[in-house]
Amino acid sequence: MQTSGTSRSMIKPGLEVHIVLKGDQRTGKLTRGIVKDILTNSPQHPHGIKVRLQDGAVGRVKEILS
């Protein structure tokens, strides 16, 4: 099951997600990782909630993986 990452309430540290890094926004290349920190404060964001992964990568969540 895959869910979009536009709602902050759906995202918790420890979840496996696909994010788009700032440098990959044009290509849409996805990076897979585990959420460490949630960086977006608002409850919704149309382009995805910004997170930091455990490996230090920062980007917007495009998919939440189960």
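**Figure 1. Overall architecture of the predicted model.** From the N terminus on, the elements of the protein follow the order β-β-β-β-β. The secondary structure thus comprises zero helices and five strands, where helices (H or I, at least four residues) and strands (E, at least two) are DSSP runs numbered from the N terminus. The radius of gyration is 10 Å, close to the 11 Å that the globule rule gives for 66 residues, so the protein is as compact as a globular protein of that length. This radius is taken over C-alpha atoms, and the globule rule is 2.2 Å times the number of residues to the power 0.38. The C-alpha trace spans about 25 × 25 × 25 Å along its principal axes. This is a predicted model, in which local features need pLDDT of at least 70 and side-chain atom pairs count only at pLDDT 80 or more, while totals for chains, interfaces and linings use all residues. Residues are numbered from 1 along each chain as its sequence is written, and side-chain values use heavy atoms, with hydrogens and water left out.

**Figure 2. The largest nonpolar core.** A nonpolar core is a set of buried Ala, Val, Leu, Ile, Met, Phe, Trp, Tyr and Cys residues joined through side-chain atoms within 4.5 Å. The largest one has 10 residues: Ile11, Val17, Ile19, Val35, Ile49, Val51, Leu53, Ala57, Val61 and Ile64. At least two residues of this core come from each of β2 (16-21), β4 (50-53) and β5 (58-65). In the protein as a whole, 35% of the 66 residues are buried; buried means under 20% relative accessible area, exposed over 50%, and partly exposed in between (1.4 Å probe, protein chains only).

Figure 3. Side chains of opposite charge can pair when their charged atoms come close. The model contains two salt bridges, each defined by a side-chain nitrogen of Lys or Arg within 4 Å of a carboxyl oxygen of Asp or Glu. In one of them, the side chains of Glu16 and Arg32 meet at 2.6 Å, N to O. Glu16 belongs to strand β2 and Arg32 to strand β3 (residues 30-38), so the pair ties together parts that are 16 residues apart in sequence. Glu16 is partly exposed, at 26% relative accessible area, whereas Arg32 is exposed, at 51%.

**Figure 4. The salt bridge between Arg52 and Asp37.** The side chains of Arg52 and Asp37 form a salt bridge of 2.9 Å, N to O. Because Arg52 lies in strand β4 and Asp37 in strand β3, this pair ties together parts that are 15 residues apart in sequence. Arg52 is partly exposed, with a relative accessible area of 30%, and Asp37 is also partly exposed, at 27%.

**Figure 5. The surroundings of His18.** His18 is found in strand β2 and is buried, with a relative accessible area of 15%. Its side chain makes a polar contact of 2.8 Å with that of Glu63. A polar contact is a pair of N or O atoms within 3.5 Å; within protein, one must be able to donate a hydrogen and the other to accept it, and residues adjacent in sequence count only if both atoms are side-chain atoms. Beyond its neighbours within four places in sequence, His18 is in contact (heavy atoms within 4.5 Å) with residues including Leu30, Thr31, Arg32, Val61 and Glu63.

**Figure 6. The surroundings of Ser7.** Ser7 lies in the loop between β1 (2-3) and β2, and its relative accessibility of 15% counts as buried. The side chains of Ser7 and Gln44 are joined by a polar contact of 3.4 Å. Leaving aside neighbours within four places in sequence, Ser7 is in contact with Pro43, Gln44 and Ile49.
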